[in-house]
Amino acid sequence: MARHAPGAAVTLATHYGEAELRLTVTDEGSPERGSLADAGGGNGIPGMRERATALGGTLTAGPRGRGFQVEARLPLPEENA
């Protein structure tokens, strides 16, 4: 978040369930304007979504209040009996 929301408070939440791993990153919005997020470059969210999909999971991302949230849900392999 330092690159895209300098100065923003960030929360990282993890949930490890029986069938999936869920990772959620939320920022409260940057007090600064004109951050590097405006400059683009890299694969960003499309690249993260592509990787999550390749693992059979999903990735959602978008505005949340004044900030932004990214959530990845990744399936866990079934236990071998």
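The accessible surface of the protein chain comes to about 6,000 Å², and carbon and sulfur atoms hold 53% of that surface. The model is a predicted one. Of the 81 residues in the protein chain, 25% are buried. The chain holds 1 helix and 4 strands, and from the N terminus on these elements follow the order β-β-α-β-β. Among contacts with a separation of 6 or more, 48% are between residues 24 or more positions apart.

**Sheet layout**

- The 4 strands form an open sheet in the order β1-β2-β4-β3, with antiparallel pairing.
- β1 and β3 stand at the edges with a single partner strand each, so one side of each has no neighbour in the sheet.
- On average, and with direction ignored, neighbouring strands of this sheet are turned by 10° against each other.
- Helix α1, residues 44-54, packs on the sheet and touches β3 and β4. The direction of α1 makes about 150° with that of β3.

**Strand pairs and hairpins**

- Strand β1 (residues 10-16) and strand β2 (residues 20-27) run antiparallel and are joined by 7 bridges. They form a hairpin with 3 residues between them.
- Within this pair, Val10 has Asp27 in β2 as its bridge partner, and Tyr16 has Leu21 in β2.
- Strand β3 (residues 58-64) is joined to β4 by 7 bridges, and the two run antiparallel. Thr60 has Glu71 in β4 as its bridge partner.
- β3 and β4 also form a hairpin, with 2 residues between them. Gly65, in the turn of this hairpin, has a positive phi of about 60°.
- β2 and β4 run antiparallel and are joined by 8 bridges. Leu23 has Ala72 in β4 as its bridge partner.

**Nonpolar core**

- The largest nonpolar core consists of 5 residues: Ala52, Leu59, Val70, Ala72 and Leu74.
- Strand β4 (residues 67-75) supplies the largest share of this core, 3 residues.
- In soluble globular proteins, nonpolar side chains tend to be buried together.
- Ala72, one of the core residues, touches Leu21, Arg22, Leu23, Thr58 and Leu59, when residues up to four places away in sequence are not counted. Leu59 in that list is also a member of the core.

**Glu71, a buried residue in β4**

- Glu71 lies in strand β4. Its relative accessible area is 17%, and because the cut-off for buried is under 20%, Glu71 counts as buried.
- The side chain of Glu71 makes a polar contact of 3.1 Å with the side chain of Thr24.
- A second polar contact of Glu71, at 3.2 Å, is with the side chain of Arg73 and also involves the Glu71 side chain.
- With neighbours within four places in sequence left aside, Glu71 is in contact with Arg22, Leu23, Thr24, Thr58, Leu59 and Thr60. Thr60 in this list is the residue bridged to Glu71, and Thr24 is the residue in polar contact with the Glu71 side chain.

- The relative accessibility of Leu12 is 60%, and because exposed means over 50%, Leu12 counts as exposed.
- Leu12 touches Thr24 and Val25, not counting residues up to four places away in sequence.
- Leu12 and Glu71 are 59 residues apart along the chain, and their C-alpha atoms are separated by 9.8 Å.
- Thr24 is touched by Leu12 and is in contact with Glu71.

**Gly29, a buried residue in a loop**

- Gly29 is placed in the loop between β2 and α1.
- Gly29 has a relative accessible area of 13% and is buried.
- Not counting residues up to four places away in sequence, Gly29 touches Ala8, Arg66 and Gly67.
- From C-alpha to C-alpha, Gly29 and Val10 are 8.8 Å apart in space, and they are 19 residues apart in sequence. Val10 is the residue bridged to Asp27 in β2.

Note on methods. Residues numbered from 1 in each chain as written. Predicted model: local features only at pLDDT ≥ 70, side-chain atom pairs only at ≥ 80, totals over all residues. Heavy atoms only, no water. Core = buried A, V, L, I, M, F, W, Y, C linked by side-chain atoms within 4.5 Å. Buried < 20%, exposed > 50% of the residue type's maximum accessible area, 1.4 Å probe, protein only. Contact = heavy atoms within 4.5 Å. Pairing = 2+ DSSP bridges. Polar contact = N/O pair within 3.5 Å; in protein donor to acceptor, adjacent residues only side chain to side chain. Areas by Shrake-Rupley, 256 points an atom, 1.4 Å probe, with all protein chains shown as cover. Axes fitted to C-alpha atoms, helices over the stretch in contact; angles between N-to-C directions.
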